[in-house]
Amino acid sequence: MPRLIVVSNRVADIHSSNAASSGGLAMAMAGALKEEGGVWLGWSGETSDDGDGPPQFSTVDNVTLAKIDLSRQHVEEYYNGYANRTLWPLFHHRTDLTSYEQSFSESYLDVNRTFAQAIRSFVKPGDVIWVQDYHLIPLGRELRALGVDNRIGFFLHIPWPARELFVTLPQHSDLVWSLFGYDLVGFQTEKDLMAFRDYFQTELKTQQDDEGLIDLFGRRLLARSYPISINPSEMAELSNTETAANSFRRMREGNEECKILLGVDRIDYSKGLPNKFAAYNRFLERFPERRGTAKLLQIGQPSRSLVEEYQDLGEELMAEAGRINGRFGRLDWTPLSYHTQSYGRDALAGIYRAADACLVTPLRDGMNLVAKEFVAAQDPADPGVLLLSRFAGAAEQLTEAVFVNPYDKEQTAEAIVQAIDMPLDERQDRWRAMFDTISRSSLTAWKNNFMADLKNEDRPETPDRAE
Ligand code: F6P
């Protein structure tokens, strides 16, 4: 029986209830694989002193996990290096933080080859391979080089960069060439797809046809957008658990007269946390009559703490939270609670439901599933307000959110006031429209749409492949 083989940098604990700390990708893939069954291959998270290891197999329910230990050098140069110090900042438009170190790109290719060899050792005819995210762009090409001719798809969870920035990467054409090892490449948004199209139209003088097909380098590639999502019924169920009820109660106790503004983010410079704190500070400055009537609870999940920029950001946020509390706090009111621990999804469901507004204000984000989880966890009778950055991928779908430009602290401060004062009927109307969007475009729909396009046997192959 043909299997689904999912490949991502990390293999998450399939039963983990830990949400945002493991990131949207892990939650989404665990959800998709639980439905479909199959194999999930990736890095174990462990470092080996004897080079990259062979895959270690284990089985959880209907999913086989294949975990690979990576050598110390590869963890440093592939994961901390090329993935997190080159591609991540560049694709998030932070060329100021991008490292163009050559050795990083060599380790990146090495690890992709390690993964390709591991898959080659167990893949069977008819299996469908689905590769996830920027850590593994060359994997399709490496698999083709080993003779694997199965259907292989790739989904990019982060934004595709603007051409002018992407071409600063010495390996930009190699990466795009690598993408033609896949049959299908999926992006989060239409904007990402347009940026990709701009690259090959301008740099490679090639067009995409009306169906989204591109013929290049002797291969035919389909490129489309598939906005990733959550299953809203799952979040609604979680908000009815005892843990959710407890966290809901603890959030509301003592805050009966105080509006709770919530933030839930990985501590990552792409999430715009210093901008959020600055906008909140501006809100307290400009609207002194609001002091004591609202508070911000920011949950920041530690992330990539071996990368210097992440350590610096963590310290900056601690210091800024202290400054805001020192300046505005009173004996009976702490304006900003900043927590750096992770919460399970059930506790988070209660936290989302207890909040009056959620501030999702990244500077650039592939999708942002916190925005969708917040909407799904709300009480339809008394829903909270979503403040959403226009630069999050989710903004393409959740058009009834209150949009903010996180670079503009005046406008964000005004949006906080708008959220606090929003009448119940407007909150309900906006919430209903967003909930319907998420219900129509769920995680299950995302997986099914991608898989249907990937498996589509009717699609004509490039002539040289069909021969
Ligand atoms: O969503 C982007 C992403 O890099 C995922 O690939 C990853 O699962 C998540 O963020 C968390 O990042 P990391 O695995 O580096 O902690």
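## Exercises on helices and a sheet

In this predicted model, Leu273, Pro274, Phe277, Tyr280, Asn281 and Leu284 of helix 10 make contact with Glu316, Leu317, Glu320, Ala321, Ile324 and Phe328 of helix 11.

**Exercise 1.** Work out how many residues of the contact of helix 10 with helix 11 are nonpolar, polar and charged.

*Solution.* Go through both sets of names. Asn281 sits on the helix 10 side, while Glu316 and Glu320 belong to helix 11. Sorting the whole contact gives nine nonpolar residues, one polar and two charged.

**Exercise 2.** Decide how helix 10 and helix 11 are oriented to each other.

*Solution.* Start with what you need: a packed pair of helices is described by the angle and the distance between their axes. Here, the axes of helix 10 (residues 273–286) and helix 11 (residues 308–328) come within 10 Å and cross at roughly 5 degrees. Angles under 35 degrees count as roughly parallel, so helix 10 and helix 11 are roughly parallel to each other.

**Exercise 3.** Describe how strand 1 joins strand 2.

*Solution.* Strand 1 (residues 4–10) and strand 2 (residues 38–48) run parallel, joined by four bridges. For a closer look, find Ile5, which stands opposite Val39 in strand 2.

Conventions:
Residues numbered from 1 in each chain as written. Predicted model: local features only at pLDDT ≥ 70, side-chain atom pairs only at ≥ 80, totals over all residues. Pairing = 2+ DSSP bridges. Helix = DSSP H or I, 4+ residues; strand = E, 2+ residues; numbered from the N terminus. Axes fitted to C-alpha atoms, helices over the stretch in contact; angles between N-to-C directions. Parallel < 35°, antiparallel > 145°, perpendicular 65-115°, else oblique. Contact = placed C-beta atoms within 7 Å. Nonpolar A, V, L, I, M, F, W, Y, C, P; charged D, E, K, R; others polar.
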